[in-house]
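Let's take a look at how charged side chains pair up in a protein. Have the structure open as you read.

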Amino acid sequence: MFVDEAEIEVIGGKGGDGCASFRREKYVPRGGPDGGDGGRGGDVVMLADRNVTSLLHLVNQRVWKAQHGEQGGSSQCHGASGEDLVIKVPVGTMVFDANHELLLKDLKSDGESFIVARGGFGGKGNVRFKSATLRSPTTATPGEKGQSRNLRLELRMIADVGLVGMPNAGKSTLLSRVTKARPKIASYPFTTMRPILGLVQIDRDRGFVIADIPGLIEGASQGVGLGHDFLRHVQRAGVLLHLVEPAPIDGTDPIENYRKIRRELEEFDADLGKRHEIVAVTKNDLPEAAFVRDRFRAELGIEASLISSVTGFGLKDLMERISAILKPAAKW
């Protein structure tokens with residue numbers, strides 16, 4: 001099950017209490033205080049891990065607590081510090097303070113970490129309070145409580161290219177053809193119910209990550225269907241690959257379908273309307289495909305590519321075109 005949003009409570013470990021004790025050894029007169037400090041509480045750390053693909057493991061556990069520090073001991077022994085609690089999340093996870101809707105950290109890189117709740121300091125033992133005027137202090141302080149926070153986690157997939165288009169436009173078929181990803185493919189709409197990433201390898205030194213975003217519908221920017229859940233995953237993409245079906249099974253006009261998706265993208269995030277876009281008309285074996293491509297040129301001034309994910313027609317040229325756009329910021 002794919003989960004891209006979760007709310008949790010994180011609590012840093014409590015610091016250990018300081019110890020109040022006195023030396024009692026044979027042949028050592030007036031032993032004096034020797035209580036040690038308590039150990040520090042563990043931190044709660046959020047770690048981005050590329051091997052984690054969903055926030056599902058956070059949904060099943062609401063509260064996450066780090067280990068408490070241990071109490072100080074006699075002979076000026078310090079208590080052991082509590083172990084940090086490391087919570088692994090997918091790369092691209094945004095961490096918000098749920099109470100104030102404040103972005104705390106955007107974990108964009110594999111291995112990037114962030115302390116979301118600090119552990120409390122350990123208490124002081126009575127040896128700390130010894131002075132020239134106070135020879136036998138009995139005071140020891142308790143450990144501090146750990147920091148507590150309510151967090152909202154939101155996953156936004158990190159991909160170079162975001163596949164967008166109406167349901168059944170051929171996005172999953174294209175992804176399965178140019179990458180090793182294996183999304184569900186069928187002849188009916190909405191076969192993809194969660195974003196899927198795949199790596200396109202052009203050659204030894206060139207490649208890019210492409211994300212198959214589930215088909216959008218009119219009103220997606222206002223949350224119709226799963227609009228908000230899907231649209232946020234294209235916000236990081238440097239290039240939008242817009243697939244257009246030349247002969248929709250519902251009889252709608254391909255150009256109008258393209259305009260609808262563009263409106264939804266722009267209404268959801270104005271920056272998406274300015275993102276570099278490549279339009280590709282799919283299913284080139286259909287007689288309507290070339291006609292629709294010509295309409296894009298005549299009516300919108302857009303040079304659309306003509307492709308077929310089934311036969312492979314035009315795919316190599318399309319991938320090279322995308323790679324040339326991404327080359328200045330290539331990751332591979």
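## A pair within one helix

Aspartate 294 and arginine 297 sit three residues apart in helix α5 (residues 287–300), so about one helical turn separates them. Helices (H or I, at least four residues) and strands (E, at least two) are DSSP runs, numbered from the N terminus. These two residues form a salt bridge, with their closest N and O atoms 3.3 Å apart. A salt bridge here means a side-chain nitrogen of Lys or Arg within 4 Å of a carboxyl oxygen of Asp or Glu.

Aspartate 294 is partly exposed at 33% relative accessible area, and arginine 297 is partly exposed too, at 37%. (Buried is under 20% relative accessible area, exposed is over 50%, and partly exposed is in between, using a 1.4 Å probe and protein chains only.)

## Where the model comes from

This is a predicted model: local features need pLDDT of at least 70, side-chain atom pairs count only at pLDDT 80 or more, and totals for chains, interfaces and linings use all residues. Residues are numbered from 1 along each chain as its sequence is written, and side-chain values use heavy atoms, leaving out hydrogens and water.

In total, the structure holds 20 salt bridges. One of them joins aspartate 97 and arginine 149, with 3.9 Å between the closest N and O atoms. This pair links distant parts of the chain, 52 residues apart: aspartate 97 is in strand β5 (residues 93–97) and arginine 149 in strand β8 (residues 148–155). Aspartate 97 counts as buried, at 9% relative accessibility.

Arginine 152 and glutamate 101 also meet in a salt bridge (2.9 Å, N to O).
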